[in-house]
Amino acid sequence: PFAATAADANTETVKAQLYFRYLDEPMLAAETRTLTVRKDESIESAIVQALIEGPSAGHSDLRGLIPADSRLESVAPRDTLLFLTFDEGFLKDDVPETWADSTQWRTDAPVLRALIVQSIVASVTETVPYAGVQILVHKQGALQTNLRLDNSYFLDGRTGPSDPVRRDEAWLLTPQRTGEVLLQAWQQQNAERCAHYLLEQDKPSQAALAETLATAPVLTEFAVSGGSVSGDGQTVTLSVTLRT
């Protein structure tokens, strides 16, 4: 008889970009990690499982999003789409049942739900070129005629079964988006948010940043276009248009 699962030695390694929440910002940042994938396991399953386990200890600026009690029940590629079936633990995140009664949660809850789903879509599509991901939720003991995640999950007024979710670059902390956020922080005189997007090395104090923003010209309009990344991946050159 053969073993039901592949031996640990019977594996392959895959380099993946895993997207987690960046601090408490409404953005996803990537951790590059080498995953060990068993021969009886799919790459997609390994990626989702790594997302459930959360970011590595060395990435203190990243926050896991998928509830730790989630269990991925099945993975099914179909043409250009990936179907992922979770158990109902997927629905047990940090959003309280009384979220609509809180001014803060009315803003934060839809963002959190969008980030959870986009972390999956972005991480999977970074490695495997799917057009979209359809999330299914299996509720144990419940009579379900459709396993598709209901649009009410997103808390944005939509109802009915969800369609496959496509990758949305607007949620990803790309060089261009980083430039846009920094300029937006300048425009809004938001020193705290500005500090989140600066390198720790030689970062000025928040008080110094606030003083710099207060004395800087008033930024009325800006535009950032994609630039070029250096060969070592450590710097990027962006094209920025400002109006003060």
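The chain exposes about 14000 Å², of which carbon and sulfur atoms supply 49%; accessible areas were computed by the Shrake-Rupley method with a 1.4 Å probe, and for residues only the protein chains shown count as cover. The model is a predicted one, in which local features need pLDDT of at least 70 and side-chain atom pairs count only at pLDDT 80 or more, whereas totals for chains, interfaces and linings use all residues. Residues are numbered from 1 along each chain as its sequence is written, and side-chain values use heavy atoms, with hydrogens and water left out.

Of the 244 residues of the chain, 37% count as buried, a term that stands for under 20% relative accessible area, with exposed meaning over 50% and partly exposed lying in between (1.4 Å probe, protein chains only). Along the principal axes, the C-alpha atoms fill a box of roughly 75 × 45 × 30 Å. Among contacts (heavy atoms within 4.5 Å) between residues at least 6 apart in sequence, 58% join residues at least 24 apart. The mean positions of the 20 positive and 33 negative charges are 4 Å apart; Lys and Arg were counted as positive and Asp and Glu as negative, without His and the chain ends, and each charge was placed at NZ of Lys, CZ of Arg, CG of Asp or CD of Glu.

Five helices and eight strands make up the secondary structure of the chain, where helices (H or I, at least four residues) and strands (E, at least two) are DSSP runs numbered from the N terminus. In order from the N terminus, the elements run β-β-α-β-β-β-α-β-α-α-α-β-β.

Three of the strands form an open sheet of mixed pairing in the order S4-S5-S6, two strands being taken as paired if DSSP finds at least two bridges between them. Strand S4 (72–78) and strand S6 (132–138) stand at the edges with a single partner strand each, so one side of each is left without a neighbour in the sheet. From one strand to the next, the twist averages 20°, with axes fitted to C-alpha atoms (for helices over the stretch in contact) and angles running from 0 to 180 degrees between N-to-C directions. Strand S5 (residues 81–87) runs parallel to S6 and is joined to it by seven bridges; within this pairing, Leu82 has Val133 of S6 as its bridge partner, and Thr85 stands opposite Leu136 of S6. Although S6 is an edge strand, it is mostly covered, with six of its seven residues buried.

Helix H1 (residues 43–53) packs on this sheet, where it touches S4 and S5, and its direction makes about 140° with that of S4. The helix is mostly covered, eight of its eleven residues being buried, namely Glu44, Ser45, Ala46, Ile47, Val48, Ala50, Leu51 and Ile52. These buried residues pack against S1, S2, S4, S5 and helix H2 (103–127). Gly54, which follows H1, has a positive phi near 95°.

The loop between strand S1 (11–22) and strand S2 (28–38) contains Glu25, a residue that is buried with a relative accessible area of 8%. When residues up to four places away in sequence are not counted, Glu25 touches Leu115, Arg193, His196 and Tyr197.

Positive phi values also occur in residues other than glycine. Asp79, with phi near 55°, lies in the loop between S4 and S5 and counts as exposed at 76% relative accessibility. Gln189, which likewise is not a glycine, has a positive phi of about 55°; it is placed in the loop between helix H3 (175–187) and helix H4 (191–196), and is partly exposed, with a relative accessible area of 40%.

Towards the end of the chain, strand S7 (residues 221–229) and strand S8 (residues 236–243) pair in the antiparallel sense over seven bridges, one of which joins Ser225 to Ser239 of S8. The two strands S7 and S8 form a hairpin with six residues between them, and Gly233 in the turn has a positive phi of about 75°.
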